[in-house]
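Let's take a friendly walk through this structure, with charged side chains as our theme. Have a look at it first, and then we will go step by step.

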Amino acid sequence: MQALLFFPVAFAIALTPGPNNFCGLNNGMRAGGGAALVATTGRVAAFAIFLAISAVGLGAMLLASETAFTAVKWLGAAYLFWIGWRAFHSRSLGGTADLSEGADGAMAGRAPLRALVAQEFLLGITNPKAIILFAAIFPQFIDPGQPAARQFLVLGSTYLLAEFVSTAVYASCGRQIRRLIRTPRAVVRLNRATDGFFMGAGGLLLAAPR
């Protein structure tokens, strides 16, 4: 019964706009839907680590530690600022990932999948909101009268699947935006907008309470 209640919550949380979902949209726009889905394995790996931590009871300790939580928050904000800085200075449609630009300096080049996977992983593992999800919200759906390991497996798998569904939605939107990017100037404007989002997300992360 708890699992049935968790399904809509998991998909609602996964679809909520945020850095990882914007990264999925960004990857879909710049590298394609398939690449965006593969890159999501990095995000899922990061969240699986938090899930395992929560399952053994360390998540609550991490959440309770002001020092640990603040450290993760600052690391997450710093990484968001760095992605924004890369986008601002890029003239390539690759934007936020590591790639070599082509002769026109604008439309050429695609980020290698390993760079996209690493970016998704780092965004996920430095996201303090993930700590709140897995250490505070997630255990509320665990029935104490049932084996905890099996419940964590079912609920965790459900949420990680929801992240792939979320990426598919955002990446599809990104592909539609890609059709509007036809000139080098449009690419630069897109990168500036990407910079604004990630810089803003980093600022909000620093300013936000728990």
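Is Glu120 buried or exposed? Glu120 is buried, since its relative accessible area is 0%, and buried here means under 20%. Keep in mind as you look around that this is a predicted model.

Now find the partner of Glu120. Arg43 forms a salt bridge with Glu120, and their closest N and O atoms are 3.0 Å apart. Arg43 sits in helix 3 (residues 33–55) while Glu120 belongs to helix 6 (residues 113–125), so this pair ties together parts that lie 77 residues apart in sequence. Arg43 also counts as buried, with a relative accessibility of 0%.

Why might such residues meet at all? Side chains of opposite charge can pair when their charged atoms come close.

Arg43 has another link to follow. Arg43 forms a salt bridge with Glu163 too, and here the closest N and O atoms are 2.6 Å apart. This pair again links distant parts of the chain: Arg43 is in helix 3 and Glu163 is in helix 8 (residues 148–178), 120 residues apart. Glu163 is buried as well, at a relative accessible area of 4%.

How many salt bridges does a search of the whole structure find? It finds two. To put the picture together, Arg43, Glu120 and Glu163 are linked in a network of salt bridges.

Technical notes. Residues numbered from 1 in each chain as written. Predicted model: local features only at pLDDT ≥ 70, side-chain atom pairs only at ≥ 80, totals over all residues. Heavy atoms only, no water. Salt bridge = Lys/Arg side-chain N within 4 Å of Asp/Glu carboxyl O. Helix = DSSP H or I, 4+ residues; strand = E, 2+ residues; numbered from the N terminus. Buried < 20%, exposed > 50% of the residue type's maximum accessible area, 1.4 Å probe, protein only.
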